[in-house]
Amino acid sequence: MSREVILAKVNEIFWDVFDDESLEITEATNADDIEDWDSLTHISLIEAVESEFDFKFAMKDVVGMKNVGEMIDIIEREMA
Amino acid sequence: MTLVSFSFICFLLIVLLLYYLLPSKWQWVILLFGSTAFYMLAGTPITFIYVIISILSVYLGTHFMEKKPNSKKKIYVFTLLINILMLVALKYTNFILTNITAVGSRFSDNIHEGDWSVKWIASLGISFYALQMIGYLTDCYWGITAPQKNIGKLALYNIYFPQMVSGPINKYSNLSSSLFAEHKFDANNLREGGFRILQGFFKKLVVSEQLTGIVDYLYANYAEYNGIYVWIGTALYLLQLYSDFSGCMDIVLGASKCFGIDLAENFKAPFASTSVQEFWQRFHMSLGAWLKDYIMYPLMRSSAFSKMTKKLKNKYGKKAAKMIPTFAAMFVVWFCMGLWHGGGWNFIGEGIWFWLMIVLGQLLEKPLKSLGKNLHINGESKFMHSLKCVGTSFLIGIGILFFKAVSLRAAFTMIGSAFNLSRLIASVGTVGESLSLLDSSIGTNRIVWAAISVAIGLAVMILFGLKDKAEERFHVYISKKNFWIRLLVGYLLIMSIIFLGAYGPGYSASEFIYGGF
């Protein structure tokens, strides 16, 4: 799966979690860019990505992930 | 030596002189010696032993976790327990003993509440450095951070003197590179740091210290000063707490900036918040971030929580399966938040109050929005925004009332009288008489002086606050101005600190509220 395809799927997850289909995310998007991206929605995002791509994030990734790009890095690594 | 004292400024200048005059590769060593000296001057020297135990245990723990990957979890749990037990023993033993004797007194006539107590002295800043060490240890366990091989550098991370007494709680991965780096002399760092320190002295001495006597008096004599006085005392305490703690942070971050080291921000215009949840994302931010990373996330990702979610999903559906575990994890977080502030049921009461407000905020968010729509109220209008900010401050006020009250029972009595209409009306009539009584109890004409200082202080703090919100903080903004403007602002700040400030005995302000934790 290419990064573009992963990004598109992740974007759909964002629409679902934030209940906002106008969200256009990029790899640089981080919690400061989306007002509702707090600790609770962070966990919802993590869980939604896990069920979509069928793997579990390590605590290192849950705490350390800085932006969408890093999330895609981890998804790519897990899918490889 | 407290942070707001002439001796601290002299101490800072000496360390700064050595820091920039000696070869830069020794800068971190100078900070380590400076921090040890600070501990000896500001704390009880013998308690340094607890700090050493913490550093040694974490150093060895992270070292062995790397050497013996098969036993990583056991070593992590063991090291974690040493540090948690030390924190609990030094901070909470008397709270535990009081509760045991309180329960015991119900079953035996020989035991009375408060019979047992210990006189252990906790090490300086234990509530802050213990959290930093637990965070660092956990980061090493998760693999976020590589263990620091140099025990001296790890010790500096633990006891770095500007932040040791009152935080902010810094993540090792954010602070280490700057803390151990070589910094060239930069006049701009000194300018920004200097202005920030002045700003901190201003908030602390012109506002916080002026209010201390009045607030303490009203809270200590809550039985007499009820009704309207609870509202007055709590509004003043909210202002005092913010000016005290954010002023303290200005001094801490300003002092660190002089060394070229940026620490985590702890405040971002908290009174601009439109909900309790947002307030805690802007107030004592580094504690919130710590609780999120090391309590909230691990709890929500634990197998117990996964099981709970699955069960709830089968029984009550998707929505409940998401909400109930989240609220349960938040309860643990807020309980810990309350307990962190001190061993007392009033502190726990404060934590639970904020938890309740955040949960209610989340549950009522959608119904309130649709109600507003039906009533044709524009929730985004300036007026509604201001109303939400005032409402949030009101809810925060009730929370900190628990925090300041002498006991949980006192807090409930105060809240009861504040909402009792007949008490409220009766107390309003006595305000004039009480003010003159109060004035004579805390010093002649103190109230008038305090009122003038606080009014001026508040106006200036609103100015600081507006800049805080606008991303470029006041000290950065002023540092960029030309020499004459900088001179004028510096002069005005120093003069107002001298003439409007309240000074305790010996011309050293009483300790910061948060230094006590």
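In this predicted model, 13 residues of domain 1 of chain B are in contact with 7 residues of domain 2 of chain B. On the domain 1 side, helices α4 (72-107) and α5 (126-142) of chain B each supply at least two of the touching residues. The most comes from α5(B), with 5 residues. By class, the domain 1 side that touches domain 2 of chain B divides into 6 nonpolar, 6 polar and 1 charged. The domain assignment places domain 1 of chain B at 6-185 and domain 2 at 272-420. Their C-alpha centres lie 29 Å apart.

Chain B as a whole has 22 helices and 0 strands. Its radius of gyration is 24 Å, close to the 24 Å that the globule rule gives for 517 residues, so chain B is as compact as a globular protein of that length. Along the principal axes, the C-alpha atoms of chain B fill a box of roughly 70 × 70 × 60 Å. Of the 517 residues in chain B, 39% are buried. Contacts between residues at least 6 apart in sequence were also sorted by separation. In chain B, 75% of these join residues at least 24 apart.

Chain B also touches chain A. The contact takes 12 residues from chain B and 9 residues from chain A. Helix α12 (residues 285-300) of chain B gives the largest share of the chain B side, 6 residues. That side has 6 nonpolar, 3 polar and 3 charged residues.

Helix α15 of chain B covers residues 345-374. This helix has 30 residues and reaches 42 Å from its first C-alpha to its last, close to the 44 Å expected at 1.5 Å a residue. A kink of about 45 degrees lies at B:Leu364 in α15(B). The kink falls shortly before the proline B:Pro367. Buried residues of α15(B) include B:Phe347, B:Ile348, B:Trp353, B:Phe354 and B:Trp355. Among the others buried in α15(B) are B:Asn346, B:Glu350 and B:Gly351.

B:His376 follows α15(B). This residue lies in the loop between α15 and α16 of chain B. Phi of B:His376 is near 60 degrees, a positive value in a residue other than glycine. B:His376 counts as exposed because it has 6 C-beta neighbours inside 10 Å, and the cut-off for exposed is 12 or fewer. In chain A, A:Asp54 has a positive phi of about 55 degrees although it is not a glycine. A:Asp54 lies in the loop between α2 (39-53) and α3 (59-64) of chain A. With 9 other C-beta atoms within 10 Å, A:Asp54 is exposed.

Two further loop sites lie in chain B. The peptide bond from B:Gly167 to B:Pro168 is cis, with omega near 5 degrees. B:Pro168 lies in the loop between α7 (161-164) and α8 (172-179) of chain B. B:Ser24 is found in the loop between α1 (6-21) and α2 (27-42) of chain B. B:Ser24 has 14 other C-beta atoms within 10 Å, so it is partly exposed. Leaving aside neighbours within four places in sequence, B:Ser24 is in contact with B:Glu182 and B:His183. The C-alpha atoms of B:Ser24 and B:Phe202 are separated by 33 Å. These two residues are 178 residues apart along the chain.

How values were computed
Residues numbered from 1 in each chain as written. Chains lettered and ligands numbered in written order. Predicted model: local features only at pLDDT ≥ 70, side-chain atom pairs only at ≥ 80, totals over all residues. Helix = DSSP H or I, 4+ residues; strand = E, 2+ residues; numbered from the N terminus. Rg over C-alpha atoms; globule rule 2.2 N^0.38 Å. Buried ≥ 20, exposed ≤ 12 C-beta atoms within 10 Å, placed from the backbone. Contact = placed C-beta atoms within 7 Å. Nonpolar A, V, L, I, M, F, W, Y, C, P; charged D, E, K, R; others polar. Domains from an automatic or database assignment. Expected span 1.5 Å × (residues − 1). Bend = angle between axes of the 7 residues up to and from the residue.
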